[in-house]
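Let's take a walk through a protein model together. Have a look at the picture first, and then we will go through it piece by piece.

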Amino acid sequence: METTAYKTEMEFFVDMQRCIGCKACEMACAECETNGHESMIHVNYVERAVTIQTTVQVCMHCDDPVCAKVCPADAIAKDDFGVVHSANNARCIGCSNCVMACPFGVPKKEEKYDMMMKCNMCYDRTSAGKKPMCATVCPSQALFYGTREEISRMRPNSTPVNKFIFGEQEVTTKVNIMMPKGSTHLKVH
Amino acid sequence: MQHSLNKKAAVIALIATVICVVVSFYGSRKLQNFDPALIAYLFGTLFALFGGIYRYCVWLQRPPTWMYFKRTWQLAFTGKIFAHIYSLIADAVKNLLFQSFIYPRSKKRWIAHFMLASGCLAAFAITIPLTLGWINFTLDPASALDPGTTKLYAANFFGFKVMNFKLGSVMAFLIFHALTWCSWFVIAGAVVFLVRRLTNAGLIATQTFEGDLLPLILLIIISVTGLGLNFSYAFMKGIAYDFMSVTHAIAVILFLVWIPFGKFFHIIQRPAQIGAHIYRREGEKKGMAVCPYTGDKFTTQMHVDDLKTVTKQLGFDFTLEDGTSHLDYSPEGKRSLLAKAHLKARQEGGNLFG
């Protein structure tokens, strides 16, 4: 983490409506060296009986990460690039505080290891100037990693949003979600 | 980041250090059994004690840590206390002594960690009481004066004789070389981890030199120079003994001073895992939380309720308009709600794609 080729102009953009549920990202995620070959991305069907809607969820890398704040073992840290890293495995006590407190439902408790694991934006790749595995393989570009200029050229009728409302709580993130043009936030509740 | 002294933690750490000094003064029979050659190690040990307790107390004051600490002891002393004590001991043997939670991560990592941890813990158990003068060895006066008999050696704890053993016996060999066995264990474990850290791409990307590599290098230096001391007087007629002893002392003191602040703090932190196990087990008996979206049980209700308190203490408020909380939803429920909110926003925008 000391010397990196992390490209600060590159950003992550997610558009759930483009997700076709192919799960290529799940397979690719398991190739990430920092995950110990466990897939960290979540692809779920939502109300399968009435809709083909799927959700694709990477870690949103919150500006003020709740997961890190509620960790009783100081195992989760955010770096200078804003990447919120997976639990330090020497410290994580497997309490699941982060799993239950994350407003996006991202961290996973790996029961067999008695520890939490989560997406760290493929830090082995992004720190070397490459794209995260999931964004590399996504066939519909529901997951896109690139510059603001690229995304605005590709999606002229959308606006990247990184502000989310959960009741009384406003959460801002490093990862963006693509919303109708002119949107400023996504109100979940 | 600005750091200021945490007075409560400093007072507790100071009291504990003073108690240790007093116990060591009288335990070494007013320094009679204290080995002055270990004076530098003594100050290193006292600093590690002060720093370790200070950091532990600061750590405990964080809202989530305090919640787990408080709940663990509340739950351990509620209901079937003996059953709790039994499960605490069983869990400690399984997860602290044998670190069995590492085994599913990798068999090789578990073996290496077990060797590293058992070597370190045994070395602590030997060297700390020796440094503080709690343990000393004496030659039995009766056998010492009789040239025809085998010399008897006595091991004393706080000045009280604990056991006798014959010089030159197998027992004497094992006891006098106890730190040698520890060193071999530590070297074997540390080398496996060092090789892993130098070759695993994921670790290379996320590790730091001072946080991950230096602790291993330090342990190897301590163990190799420790072995070198023994090797020097046993096979080299004392050649390079001074060099070995100075290098060993510097490495050990650095290690001691670093315990409270670096990677080694996880040794002190790890018992919290047992608290998390009790919390889960006892919480299940009290009742599970059901996600309003998925309709499935996902964690204990106590966990959800405590998290609502802790997040508020930390400055987050996930309360919803109807008085419920976003934290009442399971991770899967939260992801689905986000996706549905996104779908709704897109539908209202008049175009699913853009």
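How many bridges join β1(B) to strand β2 of chain B? There are 5 of them, and β1(B) and β2 (residues 152-157) run antiparallel.

## Before we go on

This is a predicted model, in which local features need pLDDT of at least 70 and side-chain atom pairs count only at pLDDT 80 or more, while totals for chains, interfaces and linings use all residues. Residues are numbered from 1 along each chain as its sequence is written, and chains are lettered from A and ligands numbered from 1 in the order in which they are written.

## A sheet in chain B

The strands β1-β2-β3 of chain B, in that order, form an open antiparallel sheet of 3 strands. Strands are DSSP runs of E with at least two residues, helices are runs of H or I with at least four, and both are numbered from the N terminus. Two strands pair if DSSP finds at least two bridges between them.

At the edges stand β1 (135-139) and β3 (160-166) of chain B; each has a single partner strand, so one side of each is left without a neighbour in the sheet. On average, neighbouring strands here are turned by 25° against each other, direction ignored (axes are lines fitted to C-alpha atoms, for helices over the stretch in contact, and angles run from 0 to 180 degrees between N-to-C directions). For one bridge to find in the picture, look at B:F137, whose partner in β2(B) is B:A155.

## Chain B as a whole

Chain B has 15 helices and 5 strands. Its radius of gyration is 27 Å, well over the 20 Å that the globule rule gives for 354 residues, so chain B is more spread out than a compact globule. This radius is taken over C-alpha atoms, and the rule is 2.2 Å times the number of residues to the power 0.38. Along its principal axes, the C-alpha trace of chain B spans about 100 × 50 × 40 Å.

## Where the chains meet

Which residues touch across the two chains? In chain B, 53 residues are in contact with 57 residues of chain A, where contact means that the C-beta atoms, placed from the backbone, lie within 7 Å. The largest share of chain B's side, 14 residues, comes from α15(B).

## A sheet in chain A

Chain A has an open sheet of 5 strands with mixed pairing, in the order β6-β1-β8-β7-β9. Strand β7 (residues 158-166) of chain A pairs with β9(A) in the parallel sense over 2 bridges. There, A:I165 stands opposite A:K187 in β9(A).

Notes
Two residues are in contact if their C-beta atoms, placed from the backbone, lie within 7 Å.
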